[in-house]
Amino acid sequence: GTGYARDYSFIKTGKKIIDKMGFPIQKRGVTEENGLFFIGTGWLYKSKSSLLYGVGADAEYLVKQIKNRK
């Protein structure tokens, strides 16, 4: 292992946003908490979501989602 681990304890919200395995509860990076999005996490949408060359497609999708919420 790398010594790194997921830790989202700094996120304070009234809704459950982390599952039992420690992963964000989201759909393509969008959570049920208004204004809370995830990007760059493993299997956000595809296997390459956590890699530098894969985050672009996820970012493009999230930008559209954020613009549509305004």
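Let's start with the fold: this protein chain has 1 helix and 0 strands, where helices (H or I, at least four residues) and strands (E, at least two) are DSSP runs numbered from the N terminus. Keep in mind that this is a predicted model, in which local features need pLDDT of at least 70 and side-chain atom pairs count only at pLDDT 80 or more, while totals for chains, interfaces and linings use all residues. Residues are numbered from 1 along each chain as its sequence is written, and side-chain values use heavy atoms, leaving out hydrogens and water.

Picture the C-alpha atoms in a box of roughly 40 × 35 × 15 Å, taken along the principal axes. Of the 70 residues in the chain, 23% are buried. Buried means under 20% relative accessible area, exposed means over 50%, and partly exposed is in between (1.4 Å probe, protein chains only).

Now look inside. The largest nonpolar core has 6 residues in all: Y8, I11, I17, L36, F38 and L44. Such a core is a set of buried Ala, Val, Leu, Ile, Met, Phe, Trp, Tyr and Cys residues joined through side-chain atoms within 4.5 Å.

Rings of Phe, Tyr and Trp (its six-membered ring) pair if their centres lie within 6.5 Å; planes under 30 degrees apart count as stacked, over 60 as edge-to-face and the rest as tilted. By this rule the count is 1 aromatic pair.

What about the helix? L62 lies in helix α1, and L62 counts as buried because its relative accessibility is 5%. Not counting residues up to four places away in sequence, L62 touches R28, G29, V30, F37, F38 and I39. M21, on the other hand, is 41 residues from L62 in sequence and 24 Å from L62 in space, C-alpha to C-alpha.

One of the residues that L62 touches is R28, in the segment before α1 (55-69). Phi of R28 is near 55°, a positive value in a residue other than glycine. Is R28 buried, exposed or partly exposed? R28 counts as partly exposed because its relative accessibility is 24%.

Key. Contact = heavy atoms within 4.5 Å.
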